[in-house]
Amino acid sequence: MSIKNIRLEVMQTIEKEIDSYMEKYLIPPEKIWQPTDFLPNSQKDTFFEETHKIREEAKELGYDFWVVLVGDTITEEALPTYESWLMDVEGIDQQGNNGWSRWIRHWTGEENRHGDVLNKYLYLSGRVNMREVEITTQHLINDGFDIGTANDPYRNFVYTSFQELATNISHKRVGQLAKKKGNVLLGKMCNVIAGDEMRHHLAYREFVKTILKYDPSEMMLAFEDMMRKKIVMPAQFVRESGEAVGTAFENFSNAAQRLGVYTTHDYVDIMKKLISYWEIDKLTNLTATAEKARDYLMRLPDRMLRIAERVAIPKDSTKFKWVEANGML
Ligand SMILES: [Fe+2]
Ligand SMILES: [Fe+2]
């Protein structure tokens with residue numbers, strides 16, 4: 001059987017259990033938090049008072065903080081890109097009664113609340129130039145992305161396992177920073193988002209763990225390939241109005257590193273966690289090339305740490321149109 005056919009068969013085997021995965025890792029709309037649970041209620045007169053409080057508290061947060069929060073929001077807002085990308089993966093089919101597409105739709109439904117709550121918060125905060133934020137979001141969706149997975153489910157699940165944990169970490173840290181500066185409500189918003197990301201991470205890493213049982217060598221090679229390419233952030237192609245594709249990413253990422261929201265050390269930590277949960281060191285029945293891939297993977301975290309220690313992050317904030325024009329600097 002060809003490599004592609006085996007992947008399809010593995011996907012179909014897991015698909016039979018998709019309902020129990022959904023029950024375990026996703027939460028129905030009526031039971032899960034919704035953005036308005038954390039935002040001023042616009043049907044009540046207390047709306048203005050609550051909004052005023054948000055705006056006053058927001059003044060305590062610094063320039064890099066806003067850059068990072070905007071970047072995180074835009075990343076969440078580009079959800080149409082991720083949904084359409086995943087719908088194109090081998091074994092996932094929008095047509096018919098495909099269990100995987102149900103998973104993707106329900107995952108998307110949960111994810112959609114992230115951009116929703118953050119966008120409304122940013123709007124109410126009065127600290128960012130919403131029009132610039134909106135232009136960037138539209139660009140990011142227009143530009144699309146390529147995360148190097150092609151339509152391979154194995155590579156895509158490595159990517160999502162990694163990325164969901166990366167977003168868990170960054171939302172959690174932003175929440176901690178907000179809370180430290182007295183922004184309790186924003187702290188809560190970031191925290192509940194981080195909670196969703198963690199459940200998603202646990203689900204995707206479980207998919208990979210299951211695939212490792214059926215097709216260990218190919219799964220190993222897919223993991224190796226993704227680590228060689230490096231996991232690129234969905235915001236990799238982010239740009240501000242009038243600028244070229246991807247030009248805002250490095251400065252956004254530097255701001256995140258300066259604040260300690262998401263660093264190269266986190267990247268290495270995630271890699272280590274995946275290697276350990278998937279028991280990469282213990283897998284048996286591997287082909288010779290998969291054994292080599294394992295060796296590469298086992299050595300990679302230390303190698304990356306050594307490189308990370310040499311990289312210097314610029315100390316000063318870079319100006320962003322997202323944050324300009326509101327008299328903050
Ligand atoms: Fe999210
Ligand atoms: Fe996510």
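## A paired iron site in a predicted model

E76 is buried, and E111 is buried as well.

Trainee: Before we go on, what kind of model is this?

Mentor: This is a predicted model, and the values we discuss are computed from its atoms. With that said, let us begin at the metal site.

Trainee: Okay, which residues coordinate the iron ion (ligand 1)?

Mentor: The iron ion (ligand 1) is held by E76 through two OE entries, by E111 (OE), by H114 (ND1) and by E197 (OE), with distances of 2.0 to 2.4 Å. Along the chain these donors follow the pattern E-x34-E-x2-H-x82-E.

Trainee: How far apart are the two iron ions, and which residue coordinates both?

Mentor: The iron ion (ligand 2) lies 3.4 Å from the iron ion (ligand 1), and E111 coordinates both.

Trainee: What does UniProt list for these residues?

Mentor: An unreviewed UniProt entry places the feature "binding site" at E76, E111, H114 and E197. These residues are spread over 122 residues of sequence but cluster in space, with a largest C-alpha distance of 11.3 Å. From this set, E76, E111 and E197 belong to the lining of the largest cavity. For "binding site", UniProt, again in an unreviewed entry, also lists E111, E164, E197 and H200. That group spans 90 residues in sequence, yet no two of its C-alpha atoms are more than 10.6 Å apart, so the residues gather at one spot. Of these, E111, E164 and E197 are included in the lining of the largest cavity.

Trainee: Let's take the glutamates one by one. Is E76 buried or exposed?

Mentor: E76 counts as buried because its relative accessibility is 7%, under the 20% limit used for that word. Its place is in helix α4, residues 63–77, and, leaving aside neighbours within four places in sequence, E76 is in contact with E111, H114, G115, L118, H171, I193 and E197.

Trainee: And E111, what does it touch?

Mentor: Not counting residues up to four places away in sequence, E111 touches E76, L79, E164, E197 and H200. E111 lies in helix α6, residues 99–125, and is buried with a relative accessible area of 5%.

Trainee: Where do E164 and E197 sit?

Mentor: E164 is found in helix α8, residues 153–180, where it is buried with a relative accessible area of 4%. Its contacts beyond four places in sequence are W107, E111, E197, H200, H201 and Y204. E197 belongs to helix α9, residues 184–214, and is buried with a relative accessible area of 1%. With residues up to four places away in sequence not counted, E197 touches E76, E111, H114, E164, T167, N168 and H171.

Trainee: Switching topic, which element do the buried residues of α11 pack against?

Mentor: The buried residues of α11 pack against α4, and E76 has its place in helix α4 too. In helix α11, which covers residues 249–259, the buried residues are F249, F252, N254, A255 and A256.

Trainee: What happens just after α11?

Mentor: Just after α11, G260 takes a positive phi of about 75 degrees.

Trainee: Is R294 buried or exposed, and which residues is it in contact with?

Mentor: R294 counts as buried at 9% relative accessibility.

Terms used
Residues numbered from 1 in each chain as written. Chains lettered and ligands numbered in written order. Predicted model: local features only at pLDDT ≥ 70, side-chain atom pairs only at ≥ 80, totals over all residues. Heavy atoms only, no water. UniProt positions renumbered as here; feature names shortened; annotations may be inferred. 1 Å grid on protein atoms, 1.4 Å probe; cavity = no way out; pocket = protein on both sides within 12 Å on 5 of 7 lines; lining within 4 Å. Helix = DSSP H or I, 4+ residues; strand = E, 2+ residues; numbered from the N terminus. Buried < 20%, exposed > 50% of the residue type's maximum accessible area, 1.4 Å probe, protein only. Contact = heavy atoms within 4.5 Å. Donors = N, O, S within 2.8 Å, 3.2 Å for Na, K, Ca; no water.
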